[in-house]
Amino acid sequence: MDCRYCDHPKTHKHGKTSKGTQCYKCSHCTRTFVETFDTLYYWRQVSADEVEKILQSQLEGSSLRGISRINKRAYNTVVSIVHAAAYRAQLVHN
Ligand SMILES: [Zn+2]
């Protein structure tokens, strides 16, 4: 895996987080990062499958409060996921 900070190709495994996500350490810049760093799943307690389900529901036109009721997640969690996805989509667009 390439370093997420400096793109150096030589990184090595550096333990796991309490949630079981693999950590890596760069041998060039000596910084550590998790494999989900700078993705939609970074710093979230919601699983990748559930994030995809929430975004799919939002795409099909369900209301944000409806999604939060169906998935039993807080309204603010749903808003945060949709907002983060929209931000990333805008970055790709630009
Ligand atoms: Zn690095």
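The lining of the largest pocket divides into six nonpolar, six polar and two charged residues. Here Ala, Val, Leu, Ile, Met, Phe, Trp, Tyr, Cys and Pro count as nonpolar, Asp, Glu, Lys and Arg as charged, and the others, Gly among them, as polar. The lining holds 14 residues, and Thr21, Thr36, Tyr41, Trp43 and Arg44 lie nearest the pocket centre. A pocket is an open set of points on a 1 Å grid over the protein atoms alone, with protein on both sides within 12 Å along at least five of seven lines; lining residues have an atom within 4 Å of a point.

The model is predicted: local features need pLDDT of at least 70, side-chain atom pairs pLDDT 80 or more, while totals for chains, interfaces and linings use all residues. Residues are numbered from 1 along each chain as its sequence is written, and side-chain values use heavy atoms, without hydrogens and water.

The zinc ion is coordinated by the SG atoms of Cys3, Cys6, Cys26 and Cys29, at 2.2 to 2.3 Å. Donors are N, O and S atoms within 2.8 Å of the metal (3.2 Å for Na, K and Ca). The site is tetrahedral, with angles of 103 to 116 degrees among the four donor atoms; four donors qualify if all angles lie between 85 and 135 degrees. The donor spacing is C-x2-C-x19-C-x2-C.

Cys3 counts as buried because its relative accessibility is 1%. Cys29, at 23%, counts as partly exposed. Buried means under 20% relative accessible area, exposed over 50%, partly exposed in between (1.4 Å probe, protein chains only). Buried residues make up 24% of the 94 residues in the chain.

How values were computed: Four donors count as tetrahedral if all angles lie between 85 and 135 degrees; four count as square planar and six as octahedral if opposite donors are over 155 degrees apart and all others between 65 and 115; anything else is irregular. On a 1 Å grid over the protein atoms alone, a cavity is a set of points where a 1.4 Å probe fits but cannot get out, and a pocket is an open set with protein on both sides within 12 Å along at least five of seven lines; lining residues have an atom within 4 Å of a point.
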